Amino acid sequence: MTVKLGVIGTGGIANHHLKNLAKMDGVEMTAFFDVDSSRAEKAASEFAGAKAFTNLDNMLDDRKLDGVYVCVPPMAHGDAELKLVERAIPFLVEKPLGINNELPALIAEK
């Protein structure tokens, strides 16, 4: 079985995760979202068949993902996780889910 993963946020910490994921059998990195198109494109260029996106809805519409790594700063969380919950896509948040307890509680309610 191959697990198709996407990444939201392709900055510094995402690169550490990508190096490890690239070594795993059965993991296919297929989609990369970042507000900085050059970072998304650079990440996607390292994985055959992967595609870069600067619009998260476009990425989620275009790719069938089994899971998503969310690698954005704590103050940037919220919209992406709520969209993933709405679409029933499992995700892993690399950093704290928020700068206080309100956002994590909201996401947990969904």
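How many nonpolar, polar and charged residues does the lining of the largest pocket have?

1. The lining of the largest pocket has 10 nonpolar, 4 polar and 5 charged residues. Nonpolar here covers Ala, Val, Leu, Ile, Met, Phe, Trp, Tyr, Cys and Pro; charged covers Asp, Glu, Lys and Arg; the others, Gly among them, are polar.

2. On the basis of the note: this is a predicted model, in which local features need pLDDT of at least 70 and side-chain atom pairs count only at pLDDT 80 or more, while totals for chains, interfaces and linings use all residues. Residues are numbered from 1 along each chain as its sequence is written, and side-chain values use heavy atoms, with hydrogens and water left out.

3. The volume of the largest pocket is about 300 Å³. It is lined by 19 residues, and those closest to its centre are Gly9, Phe33, Val72, Pro73 and Ala76. A pocket is an open set of points on a 1 Å grid over the protein atoms alone, where a 1.4 Å probe fits, with protein on both sides within 12 Å along at least five of seven lines; lining residues have an atom within 4 Å of a point. Grid points are joined across faces, edges and corners, and the volume is the space filled by probe spheres set on the points. Helices (H or I, at least four residues) and strands (E, at least two) are DSSP runs, numbered from the N terminus.

4. The whole structure has 7 salt bridges, each a side-chain nitrogen of Lys or Arg within 4 Å of a carboxyl oxygen of Asp or Glu. One of them joins Glu46 and Lys42 at 3.2 Å, N to O. Both of these residues are exposed (over 50% relative accessible area; buried is under 20%, partly exposed in between, with a 1.4 Å probe and protein chains only).

5. Lys51 and Asp62 form another salt bridge, at 3.6 Å, N to O. This pair links distant parts of the chain, 11 residues apart: Lys51 is in strand β3 (residues 51–53) and Asp62 in helix α3 (residues 56–62). Lys51 is partly exposed at 34%, and Asp62 is partly exposed at 40%.

6. Arg87 meets Asp61 in a salt bridge of 3.0 Å, N to O. Arg87 sits in the loop between α4 and β5 (91–93) and Asp61 in helix α3, so the pair ties together parts 26 residues apart in sequence. Arg87 is partly exposed at 34%, whereas Asp61 is exposed at 56%. Both belong to a network of salt bridges that links Asp57, Asp61, Lys83 and Arg87.
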